[in-house]
Amino acid sequence: MTDHAPFDDLRSLLAQLPSADNSAFDAARAALTAKGTLDVPPGLSPHGLPGLAAFLAAWQGRQVPGVRETHNCLFAASYQGGPPPQDIRAWVDLAARGRAPVNLLSVRQGLGLRVLEMAVDMPHSVTPANPAWSEKDCMAAVAFGMEATAQRGDVLGLGDLAFGNQAAASALIVYLLAMGPDMLDPKGLSLYRALEQAGTPADPLDALRRLGGPDIAAMVGAIIAARSARLPVLLDGWAALAGAAVLHALSPDAISHCLVASADEGVQATALERLGHRPLTNAGSGAGPGAALALAAGILEQAVSLFDLVDGA
C-alpha cells in the first residue's frame, strides 16, 4: 500500500475537467453567420471578435455568452532577492484605496477586482537543489488559488502582484516548454542551471515545487478551478504564464479555456507561440498589474456585442 501524495489530488482533478460545449459553439457560430457578414472559423479558434464571441459561448455553455460579471484577481507575493515586501505592500494598499491604475480601469468598465495576499511579508525562497516547499506546502498554495473563482461570474481574469517573480517564472516556463536557456536573464539562467544540477525532474509538478513561488502555484489552482466551473479565463503576467505552462505540460487541453491578455517580447512571446496563443492586447503594458486584464475584458465585451448586431440586423 502506497501513501497518498498531495499532488495526486490535482492529477485526479485534471482527469475530470469538463470539455467545451460544442453545441453552444455551433449555435453561436450559426447566429453570428446568419446574415453571411460575420464569419466564424470552425473549431474553437479565439482569434478575431467573432471567434472570441463563439469561444466564450462554448466555454460558458450558452449560445449568447455574457461578460457583465467579469472578475479580475491578482495574487500578491514576494521573493527573496526581489523588491522588498514593503514595495508590494504599498501597491496593495494603493489598490485598496482605489488609487492604482487598475482601479480606474475596473470602475469604468464595471469589473470586479480582488487582490489575494500570499504571505507578502515572508519572501519565498526559490532553491531548486533544496526546495523550500514540500508537496503539501505547494499543494496548499494551489488550493488557495482556487479561491479566485469564489465569485464565479462570466469571465475570470488572473494576474499577479509579485514584482520579484520573473526569474523563477521564466526559468520554469523555459524548462517546461523546452525553449532553450539562452533566452533567460542571468537570474533566471542561474535557477535553470541549479535545477539541472539537482537532477532534472520529469514531473511538471515537481518542477513547480522547485522553481515556482506561491503566486505561480496559486495560478495553477485558479486556472483548474475556473475550468471546473466552466469559466473562461484571461491570463496576464509572469505567474499566470508559468502556471499555464505547468498545466500544459501535464495536459495541453487543461488551458484550452484560457485567453492571454498581453505578453512581453522575449520569453513570454515565445512561450505563447509554443502554447498556441496570441495576446489580445499589449496596450496595458507599463500601466501596472491588472491593467492589461481590464483592457482585454473590454475586447471581450465588444466581441459579445456582435450578438446584438445580429439581433438587430
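Alanine 20 is buried, with a relative accessible area of 16%; buried here means under 20% relative accessible area, exposed over 50% and partly exposed in between, with a 1.4 Å probe and protein chains only. This is a predicted model, in which local features need pLDDT of at least 70 and side-chain atom pairs count only at pLDDT 80 or more, while totals for chains, interfaces and linings use all residues. Residues are numbered from 1 along each chain as its sequence is written, and side-chain values use heavy atoms, with hydrogens and water left out.

Alanine 20 sits in the loop between α1 (6–14) and α2 (22–33). Helices (H or I, at least four residues) and strands (E, at least two) are DSSP runs, numbered from the N terminus. Not counting residues up to four places away in sequence, alanine 20 touches Leu44, Ala58, Trp59 and Arg230, where contact means heavy atoms within 4.5 Å. Between the C-alpha atoms of alanine 20 and leucine 44, which are 24 residues apart along the chain, the separation is 8.6 Å.

Turning to the chain as a whole, its secondary structure comes to 13 helices and five strands. The radius of gyration is 19 Å, close to the 20 Å that the globule rule gives for 313 residues, so the chain is as compact as a globular protein of that length. That radius is taken over C-alpha atoms, and the rule is 2.2 Å times the number of residues to the power 0.38. Along its principal axes, the C-alpha trace spans about 60 × 50 × 40 Å. Of the 313 residues, 52% count as buried. Among contacts with a separation of 6 or more, 76% join residues 24 or more positions apart.

A helix pair comes next. Helix α9 (residues 204–211) and helix α11 (residues 238–250) pack at an angle of about 155°, their axes 9 Å apart. Axes are lines fitted to C-alpha atoms, for helices over the stretch in contact, and angles run from 0 to 180 degrees between N-to-C directions. The two helices are therefore roughly antiparallel to each other, a label for angles over 145 degrees. Pro204, Leu205 and Leu208 of α9 meet Val246, Ala249 and Leu250 of α11 in this contact.

Valine 246, in helix α11, counts as buried at 0% relative accessibility. Beyond its neighbours within four places in sequence, valine 246 is in contact with Leu172, Leu176, Pro204, Leu205, Leu208 and Val220. The C-alpha atoms of valine 246 and alanine 207 are separated by 8.3 Å.

Methods:
Parallel < 35°, antiparallel > 145°, perpendicular 65-115°, else oblique.
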